[in-house]
Amino acid sequence: MKTWLIGSDLDGTLIYPDNSPEVNLGTKAFNLIIQKHRESHTLAYVTGRHLERAKEGVKEAGLIEPDFYICDVGTTIYEQNVLTGAFSLDQVYRDQLTKSWQETTKDKLIDWLQNFPFLTLQEDNRQGEFKLCYYVSSDIERESFENSVIKQITEEFKLQAIYSTDPNNNIGYLDILPKGASKESALNFLAQKTNISKDRIVYAGDSGNDLAVCKAGIKFIIPQKASEEVNSFFLSPENSSCIYYKVTEPFCFGLLEGLRYFKVF
């Protein structure tokens, strides 16, 4: 029986822009330890990427394949077939999201968001069935943005609006999702599916769209080079109900450090 669900963001947490010797060494250490505990631990990669882009990134980084991919910022879940190695969409989870996404239409939302010049619709291959994505100008004033865009998306369109930034290139991202869709809800769905209790979920993530996981009371690993948004959150009173550990080691070594801290291994 599986006893832990290990979830991790990819870009900036397990995948890095450069393939330095230290990065590669950390990846190899991660692979070896995960493989050693494969029978008792479930591994899920959690990402904003589509499945194919996620698999490409994992292959290029030399990472071990997971049991599950949670893609499109928590709006799709794919499970690996242990016999063929192929990944298939979890239809039960998809059906849950279909009910809430039908309350609006993408076209109506896109037309309205054209009124904001600081938003740029992302490329087609970054969109999803239950995900609408924009780039956000780096010089946007946060409070004004939240009042003019995020508040209306949540109150008028009854959808989720998740804003995050990439610490590596100073780009802002806006992900619009159905109510109830998130990395956190996908992890909880997987925990129920695999009969793993919530207190045995541990997750690592470096950007703003990972914070919902921590706020939900899931054990959280903060990478060494987390975004300013994540670091600021853990310096504020908002984190009082969170269970977290800030690692000191870089790259995949940091994730292993966090897993040891939470006594996963």
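The questions below concern a predicted model, and each answer sets a value beside a cut-off or a description.

Q: What makes β8 and β9 paired strands?
A: Two strands pair if at least two bridges are found between them, and β8 and strand β9 (residues 171–177) have seven bridges in the antiparallel sense, so they meet the criterion. One of the residues involved is aspartate 166, whose bridge partner in β9 is isoleucine 171.

Q: Why are β6 and β8 said to stand at the edges of the sheet?
A: The open sheet has four strands in the order β6-β7-β9-β8, with antiparallel pairing. Because β6 (119–121) and β8 (160–166) each have a single partner strand, one side of each is left without a neighbour in the sheet. From one strand to the next, the twist averages 30°.

Q: Which strands does helix α5 lie across, and at what angle does the helix run to β8?
A: Helix α5 (residues 142–155) lies across β6, β7 (132–136), β8 and β9, and its direction is at about 145° to that of β8.

Q: What makes helix α6 "mostly covered"?
A: A residue is buried when its relative accessible area is under 20%, and nine of the 11 residues of α6 (residues 183–193) are buried, including Leu187, Phe189 and Leu190.

Notes: Residues are numbered from 1 along each chain as its sequence is written. This is a predicted model: local features need pLDDT of at least 70, side-chain atom pairs count only at pLDDT 80 or more; totals for chains, interfaces and linings use all residues. Side-chain values use heavy atoms; hydrogens and water are left out. Helices (H or I, at least four residues) and strands (E, at least two) are DSSP runs, numbered from the N terminus. Axes are lines fitted to C-alpha atoms, for helices over the stretch in contact, and angles run from 0 to 180 degrees between N-to-C directions. Contact means heavy atoms within 4.5 Å. Buried means under 20% relative accessible area, exposed over 50%, partly exposed in between (1.4 Å probe, protein chains only).
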